[in-house]
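I opened the model to look up a few things. My notes follow in the order I took them.

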Amino acid sequence: MTIEEELQRALSINGLTVSTNPEKGRCLITTKDFFPGDVIISQEPYASVPTHSSGSRCDKCFASRNLKKCSACQISFYCSTTCQKSEWKLHQLECHALKKLSKDRRQSLTPSIRMMVRLYLRRKLQTEQIIPVTATDNYKLVEALVDHMSDIDEKQLVLYAQMANLVSLVLQWPEINIKEIARNFSKLACNAHTICDSDLRPLGTGLYPVVSIINHSCLPNSVLVFEGSLAVVRAVEPIPKGTEVLISYIETAGSTATRQKALKEQYLFTCTCSRCIKVGLYEDIQESAILEGFRCWDDKCSGFLLRDPRFICQQCGHLRNKDEIIKVATEVKLMEDKASASLSCGTSAMYKKVELLQQKLCHSYSLDLMRTRECLLKILMELKDWEGALRYCRMTIPVYQRVYPVNHPMLGLQYYTCGKLEWLLGETDNAIKSLTEAVNTLRITHGTQTPFMKDLLARLEEAHAEAAYKQLPENDYR
């Protein structure tokens with residue numbers, strides 16, 4: 001039985017099959033019905049590594065608590081003997097290779113270099129039958145991934161060659177193929193996934209060869225989340241038998257032009273999903289103008305401007321002065337640069353100035369305005385200004401509702417933040433509403449059995465209990 005046949009057999013157990021589309025290549029197709037919240041597929045990474053920006057993390061599960069550094073290489077961390085033992089066969093080889101490097105070179109190894117080293121070490125262990133090979137866990141699946149080498153410019157090819165030489169320097173295998181390593185770096189660039197925690201904060205990078213078969217849509221029927229380093233794909237809407245499973249590779253809150261640019265730069269393809277085929281139509285132009293364009297100068301008007309060729313409000317017909325728009329936009333950019341460069345306690349005041357300028361310039365559903373308010377929410381939470389944080393959290397939710405589908409994790413997480421702040425401020429009834437909205441979305445995207453979801457469900461239950469307690473007659477609880 002070939003590797004492809006073994007993969008098809010393994011996937012059939014989960015109600016899936018791999019098909020080939022002339023335009024998109026391989027696709028993952030359902031052979032049974034899936035419903036919102038159903039796990040479609042899950043996979044451990046073939047290779048993974050924490051990122052430097054996430055701080056010290058366990059090399060196996062990406063936890064950040066109870067970490068102990070490998071005393072030999074001084075690079076790897078593990079949170080428990082369980083994680084250390086499960087990684088030992090791989091890390092034993094990695095550690096041996098890393099110890100040969102100077103301390104400075106060891107410390108300067110990028111996550112990308114480490115991940116490629118670990119990929120080749122895993123292949124070696126499987127080739128020598130030290131660790132098992134399965135239908136969904138083997139190097140042949142890595143070989144089958146698209147590398148897009150023909151679409152990459154000369155500068156990037158040179159960079160991949162340099163990185164490949166660094167991997168060769170670490171491994172010191174005489175038979176190693178530098179060109180193959182360079183191709184694999186290109187595969188990582190367009191097939192690896194950012195591993196995030198339950199709050200969608202990035203922790204590391206992993207290569208999931210079966211999950212990588214799933215194609216992109218800007219209006220996906222599924223979502224990819226992570227439980228530790230385990231990739232889990234869940235349905236976010238009913239998926240009938242014979243339907244292609246689709247996830248989003250990028251942040252989908254944005255105009256078609258913005259999404260297309262991100263996909264072309266990172267993944268080297270042009271999306272033709274149901275959202276993207278509307279490009280150029282009035283509906284798409286209108287949405288782009290609202291999300292990324294300018295508002296009417298009249299404070300009483302909620303219209304947006306189209307440049308056709310002048311900046312004309314599509315609701316009231318007023319013309320907005322081009323020079324005034326450029327002036328305010330320049331002020332916004334200068335103030336944003338100052339705010340992002342500042343680490344002082346005055347940062348919130350700077351972002352509030354940015355917000356005021358953006359309110360003059362942008363539509364109320366502007367993504368730039370939303371992101372400024374997200375920054376203010378984060379800053380105010382760090383300052384423990386809970387009332388201010390709640391105010392900004394509530395401002396962002398209408399925009400989230402517009403730019404994300406109902407079962408998008410970002411929307412659920414924002415409701416969760418809102419509920420926690422309301423609970424903290426004693427707004428029990430409002431907290432129940434927000435936490436209920438969070439549960440309705442996140443139980444579909446995150447399941448119900450993870451510690452994250454159990455904590456959310458416990459908060460909601462506690463809020464209900466407090467609300468019931470408050471409704472008791474005063475004499476009953478004296």
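I started with strand β1 (residues 16–21) and strand β2 (residues 25–30), which pair in the antiparallel sense over six bridges. Pairing here requires that DSSP finds at least two bridges between two strands. Helices (H or I, at least four residues) and strands (E, at least two) are DSSP runs, numbered from the N terminus. A hairpin of three residues joins β1 to β2. I found N21 opposite G25 in β2.

A note on the source: this is a predicted model, where local features need pLDDT of at least 70, side-chain atom pairs count only at pLDDT 80 or more, and totals for chains, interfaces and linings use all residues. Residues are numbered from 1 along each chain as its sequence is written, and side-chain values use heavy atoms, with hydrogens and water left out.

Next, the domains. The chain is divided into domain 1 (1–45 + 208–251), domain 2 (56–193), domain 3 (280–403) and domain 4 (404–477); the bounds come from an automatic or database domain assignment. I took up domain 3 and domain 4, whose C-alpha centres lie 29 Å apart. Their contact (heavy atoms within 4.5 Å) takes 14 residues from domain 3 and 14 residues from domain 4.

How much area do domain 3 and domain 4 bury between them? I read about 1300 Å², with 71% of it on carbon and sulfur atoms. Buried area is the accessible area (1.4 Å probe) that two parts lose on being put together, summed over both. In domain 3, W386, L390 and Y400 lose the most area to domain 4, together 41% of what that side buries.

I then checked charges across this interface. The rule finds two salt bridges between domain 3 and domain 4, a salt bridge being a side-chain nitrogen of Lys or Arg within 4 Å of a carboxyl oxygen of Asp or Glu. E422 forms a salt bridge with R394, and their closest N and O atoms are 3.0 Å apart.

Which helices supply the side of domain 3 that touches domain 4? α12 (367–382) and α13 (386–403) each supply at least two residues. α13 gives the most to that side, with twelve residues.

Last, I searched the whole structure and got 25 salt bridges. E94 and R118 meet through their side chains in a salt bridge (2.7 Å, N to O). E94 lies in helix α2 (residues 81–99) and R118 in helix α4 (residues 111–127), so the pair ties together parts that are 24 residues apart in sequence.
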